[in-house]
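Please look over the structure shown here.

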Amino acid sequence: MRDLLDNLFDELFPILRSITGPGLTRSMEIFSRYMPLQIESVPTGTQVFDWLVPPEWHLKSARLIHESGKVIADAATFNIHVVNYSAPVDVMLSREELEPYLHSLPDLPDAVPYATSYYNRTWGFCVSDNVRRNLPPGMYHAVIDSAFVDGGVPFGECILPGECDREILLTSYLCHPSLANNELSGPLTLLALYQRLSKWPRRRYTYRFLLNPETIGGLCYLYRRGDHLRHKLVAGMVLTCMGGPYPHLNYRLSRRGNSPIDLVLQERAARGRATVRAFDPTEGSDERQYCSPGFNLPFGQMARSYAIYPNYHNSLDDKAYMSIDSVMDSVAEVEDVLRTVEIAGHFRNLSPYGEPQLGRRGLYPNTNVASLWTNSTDVIADARTLLNRALMVLNYSDGHHSVHDIARKAGLAVEDFRIAVERLEDIGLLRLEPPGTSA
Amino acid sequence: MRDLLDNLFDELFPILRSITGPGLTRSMEIFSRYMPLQIESVPTGTQVFDWLVPPEWHLKSARLIHESGKVIADAATFNIHVVNYSAPVDVMLSREELEPYLHSLPDLPDAVPYATSYYNRTWGFCVSDNVRRNLPPGMYHAVIDSAFVDGGVPFGECILPGECDREILLTSYLCHPSLANNELSGPLTLLALYQRLSKWPRRRYTYRFLLNPETIGGLCYLYRRGDHLRHKLVAGMVLTCMGGPYPHLNYRLSRRGNSPIDLVLQERAARGRATVRAFDPTEGSDERQYCSPGFNLPFGQMARSYAIYPNYHNSLDDKAYMSIDSVMDSVAEVEDVLRTVEIAGHFRNLSPYGEPQLGRRGLYPNTNVASLWTNSTDVIADARTLLNRALMVLNYSDGHHSVHDIARKAGLAVEDFRIAVERLEDIGLLRLEPPGTSA
Amino acid sequence: MRDLLDNLFDELFPILRSITGPGLTRSMEIFSRYMPLQIESVPTGTQVFDWLVPPEWHLKSARLIHESGKVIADAATFNIHVVNYSAPVDVMLSREELEPYLHSLPDLPDAVPYATSYYNRTWGFCVSDNVRRNLPPGMYHAVIDSAFVDGGVPFGECILPGECDREILLTSYLCHPSLANNELSGPLTLLALYQRLSKWPRRRYTYRFLLNPETIGGLCYLYRRGDHLRHKLVAGMVLTCMGGPYPHLNYRLSRRGNSPIDLVLQERAARGRATVRAFDPTEGSDERQYCSPGFNLPFGQMARSYAIYPNYHNSLDDKAYMSIDSVMDSVAEVEDVLRTVEIAGHFRNLSPYGEPQLGRRGLYPNTNVASLWTNSTDVIADARTLLNRALMVLNYSDGHHSVHDIARKAGLAVEDFRIAVERLEDIGLLRLEPPGTSA
């Protein structure tokens, strides 16, 4: 897996992506080799809620050349040199006239910034501040050979079916060009999770995997799948900035603050194994769209290092900073989160009138009877402890308490109830009752 | 305004008012010169909930005279000398026989108390304790020329219409005779607020102004308008004891504790700009009727110094104690409270699916585009701050969160969201959604 | 009463009881002399929820005899010597072969333990550890002459009717043989409470008294009366371990945590007059059945010393430990709890529009009028205080606030509102509104 992600990174990094256009399409096709993405597109000009789907941006070349012939910036060398979505231009400008079209970072003089202008039609070049400050006098030739072409905004998705049709949606965005942590780490994590979850022996929920460009892509997806998600979504999260030198996951809660993923991450945070932030409509990624008030879906944002590092949105965000190993850590941690989500929800006691007679089923500790508990190969607690956890699960699995709630009542972790939940499911006393269903 | 209140006070103070009768009617007519009061009356004998509307009390004269001819008390000199609502009497009594009919205040020997006996038919005189202790021996002639006449209990109201038909009700009571803070300050504040609010450029709510006698007047008003208020009332308050040497407003919460006015006052209290007390059915004014369990209206009591001063209900409660300046301070503070109430409630994001495209409307900060925010003449924060507040308002204006709730989430004051709310209303993205309506 | 309980204890103690069988039936008949128990039985073989009603256990004799003729254990001498519900056996065993069939308590070497095996058919003897460690070598004759006979599981109940048909259920269990605190104390307390409550001048609620064997008896009762209880039960409690050297009641809350009895006990606990524990599905008595999720009835467990004493389930649990005096204390305390429950619930103000005119009814303090309050023989507070409590009760008795809630608002105890509640009921302004009814 590690090698796959490593090689994919190298193949994807140099591609010039944007919110539309050939680089984005080509990148999705590369992912399609390893996960069966179905690609759909919302046509240019479609009214999507309060937005209009923009045309595709096709860039042939973008160069800024001094009259001396010296090349100052060339998208062919490093594709963030051109302001993403730049309009075509072919013009000679003095150094002063050029100024408004240049972008650099005085505080990071060696870094080339990443700039975009999707909805305000303009053009520009991004250079390091060192280059900018040493530009010679004279005239500059700015040539951008770009075109805006009718097409559409694409998204690609695939599904791993589960025991029920309630869904957990994992998504990341693919519109950023040569940037590593934000945002090749997210799609790579998504791919790795697809492969891991495809090997699980059982999935209680159906898992949906989605790649799209940020913001307009999320909006287009909601335009096409919003009603479906309203009925089927148990929880979702945007995967973003999944690498970088941070010790553990850093999760932003959904607007509701109580999605099954929210609750698991809050539990991990309480034990020092993750960090949790509140939903914030003023910053973030596509969770802002999923959590807009008309949808208010149970959607969070999973990151390792979201927007809290100086390399954010500039050329310092490279593979060395991101690190494939850090992404692999994220994959393992998110998989573990999802394993816990599988047992943290609402179950239903199928024999709710009085206590079930557990003795008859060998679950009551008895010196003369081998117990289902102790026959288990994964016993981690003595039989009485397991019985007590089963009694807790049975008593409170009434449609009003999740295993998460039960664990809190007991002062324990959700994982401490895994054996009890699985045994009770096995003997037919307990059944998952996902959100939105009722007995 | 100050002069108007000053002159009105002097005209109103000497009038003998009661819960019914000519003094009350005449006082209402005086107010009618400055606000278009519609006067209605509930006839004597009407069963009003658990009460019977009493007859009017017409007093011609009330004098207590020593056999020497010395006048001990005369309502014509100072109208609280007679127990309000006294039955007629013409009797000679010894000093000892007189005792049960005299009222004085041993702890305030110079003050004449204010006493009433509306529903227990009796008579009496109020004198200072100094006078009482020095009464000479001999016989006393008590003459009260009063009559109980069929008529009614009046109330007067007027309306300032707003953009919606949901109402804010401001009321005060006018039954007290020559007392200043309790209770000419309340009606004077009511009048001043009527004049101020009539000049507002916009009123989102409809404002109703009401004058009545205390308790039975409030009951009669509820008898006639209770159903209307149940459907239309957003918030209401009794204005009482609005003068006196206290630094700020002292508000009693409604029984619900979460009326829009309650919330604004709680916010002010948290910032040290007001004091807030809980609703208490054992003391107070007409809010006890509005907050009786059959109505449970969102009704509080606004005071500066309610019942917490020694001058309460005696002759020391005069214009010097009350002070017109203090009343003017209350007028300004209550007006400010109402301005905040106007933007503190529930609004509805009219483009709730995804984030609205604010860039297209010039609300996204952009170096190339003049922004609606910075064109504003009342900019108090930078464009990004204002954008963030607009994003907060848009995301949470879902019918479940008021601007008050949003301000609390953000750790800010309601007023910090005024510009965002007003801009979003102006561009059609936000609409007030008063209590009891739903989209 | 004390003598009755004392004598009954001595009559009941030696009887060999079990969850079924003649000893249980005989014990119920003894109770029937003092309370009109109606006895019902659920037949052997009936499917009761997840359980099958077991046959009756008829024991003629059970003896363990050494080859020397020495009697090691004899149920005729002390009936806990035989494992309760033992299968018949007649066998000669060596000391080693005997071991698995012996039960003793190494930590309490003089005590004989109490053991049962209702649903796992086996047999055994209980002896002191001192006896067990000194068993001579040689052969042992184990003879148990028992039979399993079709019959049924009985329960007995009687009713004290009240002003409404909503019920408070008091129950205890009678299956334990010669043990004192657990469990003759419970049935004795139940009987005493029946006699006390039968003398109350009024009962607002109907009281139901129930005796049954533990667990299977509770299940059978729910099988027959579960639907009735769902509609009628206001609160219930299991009475268990009501004696012992503990200073006050020790109550386990219902699963809901807010039954009327829960609330009264929580109030007592806050004042240091009781101890309260949370509901716990992993231990306890029949409340586990009443609080199973399919029923979730407002049912707690009242004890003085539940399962927290070393004498629990062994021969040290005798009359000296239990003490009739301690049981009498429990009777008095539970009766006092029930008296408070009678006034702690939801009442309805029958004149909810505005304040009722209390003056007309003599409840308003007035120097000229004798007040209903001060005519009362049980005045414990001055007239103004009582009026204030009446105003509190009237204002908040709206269907949403219980007297318990009102007391908490006022920072007082429920008992502080007794006079106000009773007077307001007497004059027709207030009416009990039990759970599940609405005006």
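B:Ser285 sits in the loop between strand E15 (274-277) and helix H8 (287-290) of chain B. Helices (H or I, at least four residues) and strands (E, at least two) are DSSP runs, numbered from the N terminus. This is a predicted model, in which local features need pLDDT of at least 70, side-chain atom pairs count only at pLDDT 80 or more, and totals for chains, interfaces and linings use all residues. Residues are numbered from 1 along each chain as its sequence is written, chains are lettered from A and ligands numbered from 1 in the order in which they are written, and side-chain values use heavy atoms, with hydrogens and water left out.

Is B:Ser285 buried or exposed? B:Ser285 is buried, at a relative accessible area of 3%. Buried means under 20% relative accessible area, exposed over 50%, and partly exposed in between (1.4 Å probe, protein chains only). The side chain of B:Ser285 makes a polar contact with that of B:Glu214, at 2.9 Å. A polar contact is a pair of N or O atoms within 3.5 Å; within protein, one must be able to donate a hydrogen and the other to accept it, and residues adjacent in sequence count only if both atoms are side-chain atoms. Neighbours within four places in sequence aside, B:Ser285 is in contact with B:Tyr173, B:Glu214, B:Val238, B:Gln301 and B:Tyr306. Contact means heavy atoms within 4.5 Å.

**Salt bridges**

Over all chains, the structure holds 99 salt bridges. Each is a side-chain nitrogen of Lys or Arg within 4 Å of a carboxyl oxygen of Asp or Glu. Some examples follow.

| Salt bridge | N to O distance |
|---|---|
| B:Arg268 and B:Asp336 | 3.0 Å |
| C:Arg273 and C:Asp336 | 3.5 Å |
| C:Glu415 and C:Arg418 | 2.9 Å |
| C:Asp50 and A:Arg360 | 3.1 Å |

B:Arg268 pairs with B:Asp336. The two link distant parts of the chain, 68 residues apart: B:Arg268 is in helix H7 (residues 260-270) of chain B, and B:Asp336 is in helix H10 (residues 324-344) of chain B. B:Arg268 is buried, at 6% relative accessible area. B:Asp336 is partly exposed, at 29%.

In chain C, C:Arg273 meets C:Asp336. C:Arg273 lies in the loop between helix H7 (260-270) and strand E15 (274-277) of chain C, and C:Asp336 lies in helix H10 of chain C, so the pair ties together parts that are 63 residues apart in sequence. C:Arg273 is partly exposed, at 41% relative accessibility.

In chain A, A:Glu40, A:Glu157, A:Glu167, A:Arg208, A:Arg224 and A:Arg225 are linked in a network of salt bridges.

**Helix H10 of chain C**

Helix H10 (residues 324-344) of chain C has 21 residues. From first C-alpha to last, helix H10 of chain C reaches 30 Å, close to the 30 Å expected at 1.5 Å a residue. The expected span is 1.5 Å times one less than the number of residues. Of the 21 residues of H10(C), 16 are buried, so this helix is largely enclosed by the rest of the structure.

**Chain C against chain A**

The contact takes 18 residues from chain C and 23 residues from chain A. C:Asp50, C:Pro281 and C:Thr282 supply 33% of the area that chain C buries against chain A, more than any other three residues. Buried area is the accessible area (1.4 Å probe) that two parts lose on being put together, summed over both. Between these chains the count is 4 salt bridges.
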